[in-house]
Amino acid sequence: MSNAYLNEIEIYNRKLKEEFISKYPEKTHNIYRRIFYYSATVEEMHDIDLYEFNLKQVGEILKSMNPSSLASVKSAVSIIKAYIDWAIHRRSNNINPLDVVDVEWEKQFVDRTKKLFFSKDEIDEIISKCLNAQDSVIIALLFEGAGGKEVSELRNLRFSDVNFDEKSVTLTNENGELRKISVSDQTLRLLKEAAMQTDYYKKNGNIAPTSRNTNHTSTLIETGYLIKPANTKNVHVEQVNTHVIYGRLSTISDEELLNIPNFTVKNIQRSGMIHMAKLIYDRDGKFEDREQFFEICEKFGVNKIMNNGYEVYNWFTMKEFINKETIDQLYGDSSLS
């Protein structure tokens, strides 16, 4: 949903909801409006405001959202709970039904039918179907730990940052901070091919015969960076912008091409984290220690937070997708406890 659309949508008892929303920073307002967009239908059906909802009615909202992760459910629950707390004086009783929910209650609303993560074999198959090394290398690097805010580590990458002898890549984030990760032989090969690529196949070579655009390729501009922009009317002469990375993944995943729903930067990175967890399990015979999670955090550049006066990796939410269930789904029964 666009920000403009969220400003125009019908919200049940809008004046009251907007009064609540106004308590929060303006940049978060549409996050709250999105929840109230989903609640409106259920509110209208029961002809009562959200602040009067019982637990079953809140569940109806969460089901309608089809959340794909526990984090999404928790976020929605947090907003709904805050709204009921804020309007508790209007409620027929002073009990917030969300005061008693736990993670098991929240888990029931996660849409398990959506495929969000990909095994190493699936990633390799997708890469093999990409005509452009410029596209393949994005997928490979994300899967092996590169990222940064707004994929800055990919956008800032130069061929000179690749050490073929060490099988490593030095990454630079949005703040100019450096870190080094090891990469596979496959990724080294793709890095070399991407650096040498001079023409980019549009739509992965799937230009319709009836298309007015008779040029199946675009010339890539040498900028000094590994990920190169195509020579179009709107081109950045230095690093590509974030939308180039997202756009190339979107084209690859399009239903008319490879048809891979949810093939996003975040999901490719998380798939790589799950694969690394499987490798650590194979090495150690278990995957349960904080230090094992920290190995993944270091490889993937996970942010650190202050915890009891110490700076530690923010690894807690990783347990939502790095666990026995996801490893078994992608790699078979791991016997992971």
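This is a predicted model: local features need pLDDT of at least 70, side-chain atom pairs count only at pLDDT 80 or more; totals for chains, interfaces and linings use all residues.
Visitor: What does the C-alpha trace span along its principal axes?

Guide: About 70 × 55 × 40 Å. The protein holds 14 helices and seven strands.

Visitor: How many of the 337 residues count as buried?

Guide: The share is 46% of the 337. The cut-off you need for reading this is that buried means under 20% relative accessible area. As for the surface, the protein exposes about 18,300 Å², and carbon and sulfur atoms supply 47% of that area.

Visitor: And the charges? How many positive and negative side chains are there?

Guide: There are 43 positive and 50 negative side chains. The centres of these two sets lie 2 Å apart.

Visitor: On to contacts. What share of the contacts with a separation of 6 or more comes from residues 24 or more positions apart?

Guide: That share is 56% in this protein.

Visitor: Now the strands. How should I read a sheet?

Guide: The general idea is that strands of a sheet pair through backbone hydrogen bonds, either parallel or antiparallel.

Visitor: How many bridges join S1 to strand S2?

Guide: Two bridges join S1 to S2, which covers residues 168-172, and the two run antiparallel. If you want a pair to click on, valine 162 stands opposite valine 169 in S2.

Visitor: What about strands S6 and S7, and which way do they run?

Guide: Strand S6 (residues 304-307) and strand S7 (residues 310-313) run antiparallel, with four bridges between them. Lysine 304 stands opposite tyrosine 313 in S7. S6 and S7 form a hairpin with two residues between the strands, and asparagine 308 there takes a positive phi near 55 degrees.

Visitor: Where else does a residue other than glycine have a positive phi?

Guide: Valine 151 is one of them, with phi near 45 degrees. Find valine 151 in the loop between helix H8 (133-143) and helix H9 (152-155). Lysine 203 is another, with phi near 50 degrees, and lysine 203 sits in the loop between strand S4 (199-201) and strand S5 (217-219).

Visitor: Is valine 151 buried or exposed? And how does lysine 203 count?

Guide: Valine 151 has a relative accessible area of 2%, so valine 151 is buried. Lysine 203 is at 42% relative accessibility, so lysine 203 counts as partly exposed.

Visitor: You mentioned H8. How many of the residues in H8 are buried?

Guide: Eleven of its eleven residues are buried, so H8 is mostly covered. Among them are Ala133, Asp135, Ile138, Leu142 and Phe143. Just after H8, glycine 145 takes a positive phi of about 125 degrees.

Visitor: Which residues does glutamine 269 touch?

Guide: Leaving out residues up to four places away in sequence, glutamine 269 touches Leu142, Ala146, Gly147 and Phe300. Leu142 belongs to H8, while glutamine 269 is placed in helix H12. Glutamine 269 has a relative accessible area of 18%, so glutamine 269 is buried.

Visitor: And asparagine 262, where does that one lie?

Guide: Asparagine 262 lies in the loop between helix H11 (242-253) and helix H12 (265-284). At a relative accessible area of 30%, asparagine 262 is partly exposed. With residues up to four places away in sequence set aside, asparagine 262 touches Lys114, Lys115, Leu116, Phe118 and Asn267. Asparagine 262 and serine 250 are twelve residues apart along the chain, and their C-alpha atoms are separated by 9.2 Å.

Visitor: Let's finish with glutamate 256. Is glutamate 256 buried or exposed?

Guide: At 66% relative accessibility, glutamate 256 counts as exposed. Glutamate 256 is also placed in the loop between H11 and H12.

Methods
Residues are numbered from 1 along each chain as its sequence is written. Side-chain values use heavy atoms; hydrogens and water are left out. Buried means under 20% relative accessible area, exposed over 50%, partly exposed in between (1.4 Å probe, protein chains only). Contact means heavy atoms within 4.5 Å. Accessible areas come from the Shrake-Rupley method with a 1.4 Å probe; for residues, only the protein chains shown count as cover. Lys and Arg count as positive and Asp and Glu as negative; His and the chain ends are not counted. The place of a charge is taken as NZ of Lys, CZ of Arg, CG of Asp or CD of Glu. Two strands pair if DSSP finds at least two bridges between them.
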